[in-house]
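User: I'm new to this one. Can you walk me through it?

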Amino acid sequence: MPSTQTVSWKTYAEKYDMLLAYNPYYQQLQQEVMQEVKKWKIQPGDQIADIGAGTGNYSLTIAEHFPAATVFHIDNDEGMNAVAAGKKNLAPLPNHRILSSGIEEVNLEVGALRALVSIHALYTFPNPQAALEKMYAWLEPGGQAVLVDAGRIVNVWNWQLALGSHLIRRYGLRKALEIFREGKEVSRQNAYIRNLQKDGTFWTHSHKEFCEAVEKAGFEIQASRTTFRGISDLVVVRKER
Ligand SMILES: C[S@@+](CC[C@H](N)C(=O)[O-])C[C@H]1O[C@@H](n2cnc3c(N)ncnc32)[C@H](O)[C@@H]1O
């Protein structure tokens, strides 16, 4: 039975970047992914995509890093995309293009992309396996990708404790409480995500199952590990030449 409480990405969007500002695990993951992305060999005119790109924390950084390539920021939530567009206006990036559509509706040409990332988004898609297959088709032969997905159900208390003690150490109790109050919406949306994972609306998987799904789509896995305190899986992949 699908949950009646559904995630509102639009509401989440307003506070989403508190993760980037205050959550050390989100910050670490972003650095981990960017370390891999920076190894890509990108030529002028190449096309790159970030699928389920949210507020642009990856797509904008990638566009900045590869100014001669075009970066497609693909997301179907107008709230998330509005936040990304706002950040883009602060630092104009002519090579960053927001496509306001779900992956199901986007039709890029086969082999159109030199590289792609999809971070913490696959598990929310209606058909993650079909999405992986579409991503594979979009890559050119030899193309590279970094895929990260949250496969395990979050233990909310364990996360609040880890985050709470980090914030208190870093900012002191008063500021930590303020941050928690301001981030109430983030916690609420994460609770909805947890419910949707529990009732099977959102995809949950082990590390092995994630790797199997990625390989089934055709990708060759070059490196794989768990990340984000063990709830997520990260793979560095390639499409064979
Ligand atoms: C947890 S957020 C991750 C955002 C970003 N990748 C990050 O790590 O900061 C998941 C994103 O997937 C987007 N999303 C959900 N379903 C989608 C779909 N069918 N096609 C494209 N994006 C989708 C949501 O709007 C949301 O912005």
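Predicted model: local features only at pLDDT ≥ 70, side-chain atom pairs only at ≥ 80, totals over all residues.

User: What part of Ile119 lies 2.8 Å from a ligand nitrogen, backbone or side chain?
Analyst: The backbone. One of the N or O atoms there is 2.8 Å from a nitrogen atom of the ligand.

User: How much of the ligand's accessible area does the protein cover?
Analyst: 96% of it. On its own, the ligand has 600 Å².

User: How many residues surround the ligand?
Analyst: There are 20. The closest are Tyr26, Gly52, Asp75, Glu104 and Ile119.

User: How does that shell divide by residue type?
Analyst: Eleven are nonpolar, six polar and three charged.

User: New topic. How many salt bridges are there?
Analyst: The count is ten. One of them joins the side chains of Lys15 and Glu182, at 3.3 Å from N to O.

User: Is Lys15 buried or partly exposed?
Analyst: Partly exposed, at 28% relative accessible area. Glu182 is partly exposed too, at 41%.

User: Which residue does Arg225 pair with?
Analyst: Glu32, in a salt bridge of 2.9 Å from N to O. Arg225 is in strand S6 (residues 220-227) and Glu32 in helix H3 (residues 24-37). They are 193 residues apart, so this pair links distant parts of the chain. Arg225 is partly exposed, at 30% relative accessibility. Glu32 is buried, at 18%.

User: What about Lys39, which residue does it bridge to?
Analyst: Glu36, with the closest N and O atoms 3.2 Å apart. Lys39 is exposed at 52% relative accessibility, whereas Glu36 is buried at 11%.

User: Which residues are linked in a network?
Analyst: Glu32, Glu36, Lys39 and Arg225, through salt bridges.

User: Last one. Which residues make the nonpolar surface patch?
Analyst: Ile168, Leu173 and Leu177, with an area of about 270 Å². Leu177 lies in helix H8, residues 173-182. At 45% relative accessibility, Leu177 counts as partly exposed.

Definitions and conventions. Residues numbered from 1 in each chain as written. Heavy atoms only, no water. Near = heavy atom within 4 Å. Polar contact = N/O pair within 3.5 Å; in protein donor to acceptor, adjacent residues only side chain to side chain. Areas by Shrake-Rupley, 256 points an atom, 1.4 Å probe, with all protein chains shown as cover. Nonpolar A, V, L, I, M, F, W, Y, C, P; charged D, E, K, R; others polar. Patch = residues over 30% accessible without salt bridge, like charges linked within 9 Å, V, L, I, M, F, W, Y side chains within 5 Å. Salt bridge = Lys/Arg side-chain N within 4 Å of Asp/Glu carboxyl O. Helix = DSSP H or I, 4+ residues; strand = E, 2+ residues; numbered from the N terminus. Buried < 20%, exposed > 50% of the residue type's maximum accessible area, 1.4 Å probe, protein only.
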